[in-house]
Amino acid sequence: SVTQASHAKIFVSVPGKVVWAALGKDSELPCDVTPALPGDNVTMIFWFKDNLGMPLYSLDARGGPLDKASHLAMTDDLGGRSYFITEDEPSKARLRIHGVTKKDQGVFRCRVDFVNSPTRNFQVNLTLVVQPSAPRIFDAEGREVKANSPAGPFLEGHELFLSCQVTGGRPRPTLTWWYNGTILDSVVDSSRASSTTVNQLIITNTPRYLKGGRFECRASSSDIAGYVSRDVPLTLYLKPNKVKIVSPNDLLSIRKSQNIRCETSGSHPPAKLTWLLDGKPIRSAVVTEEESDTFTASILLLNVLVEDDGKDLVCRAVNPRFPGGTIEDRRQIHVAWPVKNV
């Protein structure tokens, strides 16, 4: 066995490898047991932690092959949760620690003794993953989108911008934007301070199908620890995409009122329908409206005059929340009137 002083000296001189671990999950510390000399065999394997001179775990293969070696846990807790795996290739031998705890974090050393080859030492730094803070979401003006509140409103066909930010995390976290299980953006844009990670989502031409949807920002310092996330519901305004005067373009009579129906769809909030004759709003007529989430209908009870013959009748759909979200349908009307007896 090695003395504590010589153990500490070896500890400092052996190059180390960092192995990330998550609380409560299993972790594996590599130790290559391949002999330097062909045909040589392992006799003893010891695992030490930090500066303790007493090994926490050992294998004794002096009486036969390594896969028949006797395993001995030298400490009650950590040693009892450890097992050295040798069934694979010698270069892939490893110590599995079950249910990693905070106390397990530290520097481990694997010492391998051979019959003829020199003793080999491997140093492993077992480091716990630290997840970042819960993500925070900000809009283009830098205002924070509060939890359980929607982002927006955004406009169909216009730019959508959202920024996701987290603080902390070890190793430095990844930050990704998702929609319906599909990744949208995995590029970390900046770390404004040493502890802040930012991912800015920019959609230059926001599509209609995002209405009623939600984005998700996920942050993770390591796959083994899972991720922390934030859902962001969206408010998206849509412009009307269809408007039509659906009544037949019949000959109109000055003696009879005529019902003319116009329908529009695709708008959110629902579009407002207005009627114009010869470019002027029809204000005095009776109008009946029907409205659902994205559909609006308007029935105009129209009374025409002789001078209205040949004028344009226009049905205009306007989303009041969508600047410029206006479309219209027009038709030329034809008026009939009785001929006076001369």
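These legends describe close-up views of a predicted model.

**View 1. A nonpolar patch on the surface.**
Val18, Trp20 and Ile224 make up this surface patch.

**View 2. The largest cavity and its lining.**
The structure holds one cavity of 30 Å³ or more. About 70 Å³ of space lies in the largest cavity. Its lining includes Ser247, Pro248, Asn249, Asp250 and Leu252. Gln258, Asn259 and Ile260 also line the largest cavity, as do Arg331 and Ile333. Strand 21 (residues 258-265) gives the most to this lining, with three residues. By class, the lining has four nonpolar, four polar and two charged residues.

Side chains of opposite charge can pair when their charged atoms come close. A search of the whole structure finds 23 salt bridges. One of them joins arginine 111 to aspartate 113. The closest N and O atoms of arginine 111 and aspartate 113 are 2.8 Å apart. Arginine 111 is buried, and aspartate 113 is buried as well. A salt bridge also links the side chains of arginine 218 and glutamate 216, at 3.2 Å from N to O. Both arginine 218 and glutamate 216 are buried.

**View 3. A salt-bridge network.**
Asp312, Arg316, Glu328 and Arg330 belong to one network. Salt bridges that share partners join these four residues.

Lysine 211 and aspartate 293 meet through their side chains in a salt bridge, 3.6 Å from N to O. The pair links distant parts of the chain, 82 residues apart. Lysine 211 is in the loop between strand 16 (196-203) and strand 17. Aspartate 293 is in the loop between strand 24 (286-291) and strand 25 (295-302). How accessible is lysine 211? Its relative accessible area is 28%, so lysine 211 is partly exposed. Aspartate 293 also counts as partly exposed, because its relative accessibility is 43%.

Proline 240 lies in the loop between strand 18 and strand 19 (242-245). Is proline 240 buried or exposed? Its relative accessible area is 4%, and the cut-off for buried is under 20%, so proline 240 is buried. Along the sequence, proline 240 and valine 318 are 78 residues apart. In space, 7.3 Å separates proline 240 from valine 318, C-alpha to C-alpha.

Tyrosine 209 has its place in the loop between strand 16 and strand 17. Tyrosine 209 reaches 58% relative accessibility, and the cut-off for exposed is over 50%, so tyrosine 209 counts as exposed. Glutamate 156 is 53 residues from tyrosine 209 along the chain. The C-alpha atoms of tyrosine 209 and glutamate 156 are separated by 9.2 Å.

Key:
Residues are numbered from 1 along each chain as its sequence is written. This is a predicted model: local features need pLDDT of at least 70, side-chain atom pairs count only at pLDDT 80 or more; totals for chains, interfaces and linings use all residues. Side-chain values use heavy atoms; hydrogens and water are left out. Patches are made of residues with over 30% relative accessible area and no salt bridge: like charges are joined within 9 Å, nonpolar side chains (Val, Leu, Ile, Met, Phe, Trp, Tyr) within 5 Å. Accessible areas come from the Shrake-Rupley method with a 1.4 Å probe; for residues, only the protein chains shown count as cover. On a 1 Å grid over the protein atoms alone, a cavity is a set of points where a 1.4 Å probe fits but cannot get out, and a pocket is an open set with protein on both sides within 12 Å along at least five of seven lines; lining residues have an atom within 4 Å of a point. Grid points are joined across faces, edges and corners, and a volume is the space filled by probe spheres set on the points. Helices (H or I, at least four residues) and strands (E, at least two) are DSSP runs, numbered from the N terminus. Ala, Val, Leu, Ile, Met, Phe, Trp, Tyr, Cys and Pro count as nonpolar, Asp, Glu, Lys and Arg as charged, and the others, Gly among them, as polar. Buried means under 20% relative accessible area, exposed over 50%, partly exposed in between (1.4 Å probe, protein chains only).
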